[in-house]
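Please read them alongside the structure.

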Amino acid sequence: MPRMGLDLHTILQAATELADQQGLASVTLASLAKKLNIRPPSLYNHIEGLGGLRKKLAVHGLDILYDRLAQASIGKAKDEAVHSVADAYVAFAREHRGIYELTLQAAEPEDYEIQKAGGKIVDLTVQILRGYGLENDEVIHAVRGLRSILHGFSSLEQKGGFGLPLELDKSLHLLLDSYLAGIHKMKEK
């Protein structure tokens with residue numbers, strides 16, 4: 001029987017805090033139960049083991065990321081939308097270092113929840129990039145390019161790969177401007 005006051009949302013919030021503060025590897029059923037002040041078997045009323053927790057946590061992370069990106073894109077188009085969404089993406093990666101890692105993998109075909117959550121992010125990005133007149137394969141290549149820029153930047157930043165004392169956000173925006181110049185040039189042809 002589920003413990004009063006314990007629900008999936010509470011479990012995911014606690015797991016997110018653990019992951020973001022101590023790293024994803026620190027999220028075990030034992031550490032989560034300790035944080036929630038419960039016994040580990042109580043978690044099984046809400047999740048299917050550590051694998052189930054990781055899947056739910058991935059969906060939770062993707063949902064948070066989507067909400068941030070969607071909010072950042074409201075009322076914006078083209079370059080302004082790309083810059084705003086990029087800022088929101090990098091801010092999410094900075095704030096949620098632990099669960100960010102779970103948002104990166106392509107979902108297995110049987111992981112419908114992860115596919116759906118990740119698909120919303122792809123659809124939003126496609127919608128923004130179609131504003132440049134990109135269609136079909138062009139827009140998918142552009143989505144991949146933008147994702148690569150944002151993940152590469154976020155990953156390098158998390159790993160301490162930017163050692164020079166220059167403003168990181170300025171570097172990000174210069175990189176985005178180069179990417180967008182390529183998009184504009186491609187559509188001029």
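1. Leaving aside neighbours within four places in sequence, A117 is in contact with V59, L62 and D63, contact meaning heavy atoms within 4.5 Å. The C-alpha atoms of A117 and V90, which are 27 residues apart along the chain, are separated by 18 Å.

2. On the basis of these notes: this is a predicted model, in which local features need pLDDT of at least 70 and side-chain atom pairs count only at pLDDT 80 or more, while totals for chains, interfaces and linings use all residues. Residues are numbered from 1 along each chain as its sequence is written, and side-chain values use heavy atoms, with hydrogens and water left out.

3. As to the overall fold, the protein has 8 helices and 0 strands, which gives the pattern α-α-α-α-α-α-α-α along the sequence. The C-alpha atoms fill a box of roughly 65 × 40 × 30 Å, taken along the principal axes, and buried residues make up 41% of the 189 residues. Of the contacts with a separation of 6 or more, 69% are between residues 24 or more positions apart.

4. The largest nonpolar core has 59 residues, of which L32, L43, L53 and L129 touch the most other members; such a core is a set of buried Ala, Val, Leu, Ile, Met, Phe, Trp, Tyr and Cys residues joined through side-chain atoms within 4.5 Å. At least two residues of this core come from each of α1 (8-22), α2 (29-36), α3 (49-73), α4 (78-95), α5 (97-100), α6 (112-130), α7 (136-158) and α8 (168-188), and the largest share, 10 residues, is supplied by α3. Not counting residues up to four places away in sequence, L32 touches I11, A14, A15, L18, L43 and L53. In soluble globular proteins, nonpolar side chains tend to be buried together.

5. How do α7 and α8 pack, and at what angle do their axes cross? Their axes come within 11 Å and cross at roughly 165 degrees (axes are lines fitted to C-alpha atoms, for helices over the stretch in contact, and angles run from 0 to 180 degrees between N-to-C directions). That makes α7 roughly antiparallel to α8, given that angles under 35 degrees count as roughly parallel, over 145 as roughly antiparallel, 65 to 115 as roughly perpendicular and the rest as oblique. The contact is made by E138, A142, V143, G145, L146, I149, L150, F153 and E157 of α7 with L168, S171, L172, L175, L176, Y179, I183 and K187 of α8. These residues divide into 12 nonpolar, 2 polar and 3 charged, where Ala, Val, Leu, Ile, Met, Phe, Trp, Tyr, Cys and Pro count as nonpolar, Asp, Glu, Lys and Arg as charged, and the others, Gly among them, as polar.

6. The axes of α3 and α4 come within 8 Å and cross at roughly 150 degrees, and the two helices are therefore roughly antiparallel to each other. In this pair, α3 passes α4 in a right-handed crossing. On the α3 side, G61, I64, L65, R68, L69, A72 and S73 meet S84, V85, A88, Y89, F92 and E95 of α4, a contact with 8 nonpolar, 3 polar and 2 charged residues.

7. α4 also packs against α8, at an angle of about 140 degrees and with the axes 11 Å apart, so α4 and α8 are oblique to each other. Here D79, V82, H83, A86, D87, V90 and R94 of α4 meet L168, D169, L172, H173, L176, D177, L180 and H184 of α8, and the contact divides into 7 nonpolar, 3 polar and 5 charged residues.

8. Two backbone values deserve a check. Most residues other than glycine have a negative phi, and most peptide bonds are trans. K78, in helix α4, has a positive phi near 45 degrees, and at 41% relative accessibility K78 counts as partly exposed. N136, in helix α7, also has a positive phi near 45 degrees, and at 61% relative accessibility N136 counts as exposed.

Notes. Buried < 20%, exposed > 50% of the residue type's maximum accessible area, 1.4 Å probe, protein only. Helix = DSSP H or I, 4+ residues; strand = E, 2+ residues; numbered from the N terminus. Left-handed = near helix turned anticlockwise from the far one by under 90°.
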